[in-house]
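User: I'd like to learn how to read pockets in a model. Can you walk me through it?

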Amino acid sequence: MIRWMLVIFLALILISWFTPLLQKLGFGKLPGDFRFKLFGREWFIPLTTTLLLSALASLISKLI
């Protein structure tokens, strides 16, 4: 259980570090990525980007 929590924590840190780079590459602006304001705060739900990056990670893991 601790191992999975550590993996999730490290993945979130890596995602936060690479977010500016991914936005420059166009990720986060794909059709299906939702941005909206609610209760005075901007919310971002990257559905398409998540699916695309998951497929890419799956492909890389199959090749390795």
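User: Let's start with the second largest pocket: how many nonpolar, polar and charged residues are in its lining?

Analyst: The lining splits into 8 nonpolar, no polar and no charged residues. Here Ala, Val, Leu, Ile, Met, Phe, Trp, Tyr, Cys and Pro count as nonpolar, Asp, Glu, Lys and Arg as charged, and the others, Gly among them, as polar. Keep in mind that this is a predicted model: local features need pLDDT of at least 70, side-chain atom pairs pLDDT 80 or more, while totals for chains, interfaces and linings use all residues. Numbering runs from 1 along each chain as its sequence is written, and side-chain values use heavy atoms, without hydrogens and water.

User: Which residues line the second largest pocket?

Analyst: A11, L14, I15, F18, L21, L22, L25 and L53 do. A pocket is an open set of points on a 1 Å grid over the protein atoms alone, where a 1.4 Å probe fits, with protein on both sides within 12 Å along at least five of seven lines; lining residues have an atom within 4 Å of a point. α1 gives the largest share here, 6 residues. Helices are DSSP runs of H or I, at least four residues, and strands are runs of E, at least two, numbered from the N terminus.

User: And what is the class make-up of the largest pocket's lining?

Analyst: That one has 6 nonpolar, 5 polar and no charged residues. Among its lining residues are T19, Q23, G28, T49 and T50. α1 (2-24), β2 (41-46) and α2 (47-63) each supply at least two lining residues, with α1 giving the largest share, 4 residues.
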